[in-house]
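Could you walk me through this protein model, starting with the overall picture and then moving to a few spots worth a look?

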Amino acid sequence: MAPESLSVAQARRVTLAAQGFTDRRPGGATDLRHVRRVLRRLHLIQMDSVNVLQRAHFMPLYSRLGPYPVDLLERAAYRKPRELFEFWGHEASLITTELQPLFRWRMARAADFAWGSVRRIVTEQPELVAWVLDEVRGRGPITAAEIEHDAPRRKDNWGWNWSVVKQALEWLFYSGQVTAADRTTSFARRYDLPSRVLPAAVLDAPTPAYPDAIRALVELSARALGVAAEPEIRDYFRLPVEGFKQAVNELIDDKVLIPVTVGGWKNTAYLHHEAKIPRWVRAATLVSPFDPLIWERGRTERLFDLSYRIEIYVPAPQRLYGYYVLPFLLGDRFAARVDLKADRKTGVLQIPAAWLEPAADQEETAVALALELHRLAGWLDLDTIAAPVKGDFAGPLAAALAGVP
């Protein structure tokens, strides 16, 4: 029988199980089966251009599988048969291809959802957009820079520059007329037509009616989160208000979502009917700032008592913890946070700062985090781990790192 209420500790464990942190890690070599298992839980992975440690989309699999060959994710995303495609899910994302029909409403209504400069370009310079699409059709896969390189030599150009060509491509991408064939080594998209990238079965799948698509995405969000309030369910796929409440109510009526109270939460939460409440969680892993576990910062604070903000865009003197800070999950709580940087030229994993969470055990956390940092460094092909520079946990962590072979 489904519970009517959960403690915060139970909600934490439900969340971690739903997100894949209680699944058994590969005992031997990691293969595509393990990658698919994570993707079936998350449905999408956020992308980001920051590469101070590792590209954001590689990290969620590391946090759940441990060290794995990143080529497995590249293969799933950019080689046939495609298992992932790039689109706007939760920000720029890699999304499982079978969900592509569920996002066609967003493509069809790009004029309602895309940002201003991208919407304006199709209105103000439709001939540019048409020309760019023709370039992709004739020359794809192709980067924005390659298209821009040829534009000024055309006698009939309209004073185009890279930014407007890129905006045209972003409109075509948002509206589903082009997609990402792959990425260059500098992380630039190569654009191509969906018909040359996506599996035929995906392209041939019928387009769901808008209410059906929203309901399906709400169910998938709730499944991935385990237990969450309405704002967090909406946030997972960045769903609009339109149709959201109706979808929630229908899923409640069908007993897919179960309203529950969570201790200390003001809003009603919804427990997915397939969610499990494990007795314990034995995780010991670093979690990236772009991990779906901590996307919604208010929920993160309510679940884990962790006030977390990424401080990349905060001026250095005003940062509390550091530039690229990863929380360290130990058991079912976050026990520490470390500012990390991969110095690839020297082969050093740098630790500009390390901080202990108030309720964490210092000795246990230091040993577990030291082991995790050695795993991470090995995965990143870094030979050395530098001593932490500052933070209230720098000394204990440095001692623990020195004790790990």
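Here is a short briefing on the model, grouped by topic.

This is a predicted model, where local features need pLDDT of at least 70, side-chain atom pairs count only at pLDDT 80 or more, and totals for chains, interfaces and linings use all residues. Residues are numbered from 1 along each chain as its sequence is written, and side-chain values use heavy atoms, with hydrogens and water left out.

- The protein chain averages a pLDDT of 95 (pLDDT is the predictor's confidence in each residue, from 0 to 100), and 97% of the residues score at least 70.
- Where pLDDT is low, the predicted coordinates should not be read in detail.

**The whole chain**

- The protein chain holds 17 helices and 14 strands; helices (H or I, at least four residues) and strands (E, at least two) are DSSP runs, numbered from the N terminus.
- With a radius of gyration of 22 Å, close to the 22 Å that the globule rule gives for 405 residues, the protein chain is as compact as a globular protein of that length. That radius is taken over C-alpha atoms, and the globule rule is 2.2 Å times the number of residues to the power 0.38.
- Along its principal axes, the C-alpha trace spans about 70 × 60 × 45 Å.
- Buried residues make up 55% of the 405 residues; buried means under 20% relative accessible area, exposed over 50%, and partly exposed in between (1.4 Å probe, protein chains only).
- Take the contacts between residues at least 6 apart in sequence: 65% of them join residues at least 24 apart.

**The three-stranded sheet**

- This open sheet has the order S2-S4-S3, with antiparallel pairing; two strands pair if DSSP finds at least two bridges between them.
- At the edges are strand S2 (44–46) and strand S3 (84–89), each pairing on one side only.
- Neighbouring strands of this sheet are turned by 35 degrees against each other on average, direction ignored.
- Helix H4 (residues 71–78) packs on the sheet and touches S2, S3 and S4, with its direction at about 80 degrees to that of S3. For such angles, axes are lines fitted to C-alpha atoms, for helices over the stretch in contact, and angles run from 0 to 180 degrees between N-to-C directions.
- Three bridges join S2 to strand S4 (residues 91–96); across this pair, Leu44 stands opposite Ile95 and Ile45 stands opposite Leu94.
- On the S3 side, six bridges link S3 to S4, Trp88 stands opposite Ala92, and the two strands form a hairpin with one residue between them.
- S4 is mostly covered, with five of its six residues buried.

**The five-stranded sheet**

- A second open sheet runs S10-S11-S12-S13-S14, with mixed pairing.
- Strand S10 (284–286) and S14 stand at the edges with a single partner strand each, so one side of each is left without a neighbour in the sheet.
- S10 runs antiparallel to strand S11 (residues 325–330) and is joined to it by three bridges, with Ala284 opposite Leu330.
- Val325, Pro327 and Leu329 point one way from S11, while Leu326, Phe328 and Leu330 point the other way, and all are buried.
- S11 and S12 pair in the antiparallel sense over six bridges, and Pro327 stands opposite Arg337 in S12.
- The hairpin of S11 and S12 has two residues between the strands, and Gly331 in the turn has a positive phi of about 70 degrees.

**Helix H17**

- In H17 (residues 394–402), Ala394, Leu397, Ala400 and Leu401 are buried.
- These four cover an arc of only 130 degrees around the axis, which puts them on the same side of H17; the arc is that of the directions from the helix axis to the C-beta atoms.
- On the other side of H17, Ala399 and Ala402 are exposed.
- The buried residues of H17 pack against strand S12 (333–343), strand S13 (348–356), helix H16 (362–379) and strand S14 (384–385).

**A closer look at Ile258**

- Ile258 sits in strand S8 (residues 257–262) and is buried, with a relative accessible area of 19%.
- Its C-alpha atom is separated by 5.3 Å from that of Tyr270, 12 residues apart along the chain.
- Leaving aside neighbours within four places in sequence, the contacts of Ile258 include Ala2, Pro3 and Tyr270.

Definitions and conventions:
Contact = heavy atoms within 4.5 Å.
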